[in-house]
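Please keep the sequence and the 3D view at hand while reading.

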Amino acid sequence: MSNGDKELVVATNEDARLIAKGLSGSLELSGNVLRISKGGAFGMLLMVLGIEGGFVERSIRVSDISAVEIENPPFLFRYVRFSYQGAPTQSGNSLQDMLAENAIIMSLIDNRMFYRIKERIERSMLERTSR
């Protein structure tokens with residue numbers, strides 16, 4: 001196999017970078033690192049309203065994530081939430097949970113990349129437990 005072939009295999013492997021953009025920010029999964037970036041117009045709106053959680057930059061090792069949940073509360077936006085050591089616990093208040101630092105409000109249109117990121121993280125979790 002030539003070096004070019006190896007690069008092609010790496011590009012289609014689990015290390016390929018996945019990016020999902022939502023209403024409140026974006027997720028970037030690259031190798032064993034998940035980067036949560038919250039901000040933009042939605043973050044500015046929260047800041048103006050005096051609500052915390054509008055601007056967050058956080059990198060988390062995938063191996064530290066214990067759960068990935070996609071929530072669909074009634075009358076609110078769908079969001080993805082990550083559980084890891086030190087993350088805010090679920091409060092039971094959907095609005096507060098969706099604005100937490102460990103959650104991203106998903107897009108209104110296309111959320112396939114969010115589901116791919118969730119699937120890849122869960123696959124990694126299964127591989128860890130099977131060792």
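Of the 131 residues of the chain, 34% count as buried. The model is a predicted one. The chain exposes about 8100 Å², and carbon and sulfur atoms supply 53% of that area.

**Overall organisation**

The secondary structure consists of four helices and seven strands. Along the sequence, these elements follow the pattern α-β-β-β-α-β-β-β-α-β-α. Among contacts with a separation of 6 or more, 49% are made by residues 24 or more positions apart.

**Strands 1 and 2**

Strand 1 comprises residues 18-21, and strand 2 comprises residues 25-30. The two strands pair in the antiparallel sense over four bridges, and a hairpin of three residues joins strand 1 to strand 2. Within this pairing, Ile19 stands opposite Glu28 of strand 2. Which residues form the covered face of strand 1, and which the uncovered one? Leu18 and Ala20 form the covered face, whereas Ile19 and Lys21 form the uncovered face.

Ile117 itself lies in helix 4, which spans residues 112-130. Is Ile117 buried or exposed? Its relative accessible area is 0%, and buried means under 20%, so Ile117 counts as buried. Ile117 and Arg17 are 100 residues apart along the chain, yet their C-alpha atoms are separated by 9.6 Å.

**Ser37 in strand 3**

Ser37 belongs to strand 3, residues 33-38. Ser37 has a relative accessible area of 17%; because this value is under 20%, the residue is classed as buried. What does the side chain of Ser37 make a polar contact with? The partner is the side chain of Glu57, at 3.0 Å. When residues up to four places away in sequence are not counted, Ser37 touches Glu57 together with Ser24, Gly25, Ser26, Val56 and Ile104.

**Residues in loops**

The loop between strand 5 (65-71) and strand 6 (79-84) contains Phe75. Phe75 has a positive phi of about 70° although it is not a glycine. Leu76 is found in the loop between strand 5 and strand 6 as well. Leu76 touches Ser94, Leu95 and Met98, with residues up to four places away in sequence left out. In sequence, Leu76 and Ile105 are 29 residues apart; in space, their C-alpha atoms are 9.7 Å apart.

Another loop, between strand 7 (103-105) and helix 4, holds Ile109. Ile109 contributes to a nonpolar surface patch of about 430 Å², which is made by Leu23, Phe77, Leu108 and Ile109.

| Residue | Relative accessibility | Class |
|---|---|---|
| Phe75 | 87% | exposed |
| Leu76 | 35% | partly exposed |
| Ile109 | 81% | exposed |

Why do these loop residues fall into the classes shown? Exposed means over 50%, so Phe75 at 87% is exposed, and so is Ile109 at 81%. Leu76, at 35%, lies between the 20% and 50% limits and is therefore partly exposed.

How values were computed: Residues numbered from 1 in each chain as written. Predicted model: local features only at pLDDT ≥ 70, side-chain atom pairs only at ≥ 80, totals over all residues. Heavy atoms only, no water. Buried < 20%, exposed > 50% of the residue type's maximum accessible area, 1.4 Å probe, protein only. Patch = residues over 30% accessible without salt bridge, like charges linked within 9 Å, V, L, I, M, F, W, Y side chains within 5 Å. Areas by Shrake-Rupley, 256 points an atom, 1.4 Å probe, with all protein chains shown as cover. Salt bridge = Lys/Arg side-chain N within 4 Å of Asp/Glu carboxyl O. Polar contact = N/O pair within 3.5 Å; in protein donor to acceptor, adjacent residues only side chain to side chain. Contact = heavy atoms within 4.5 Å. Pairing = 2+ DSSP bridges.
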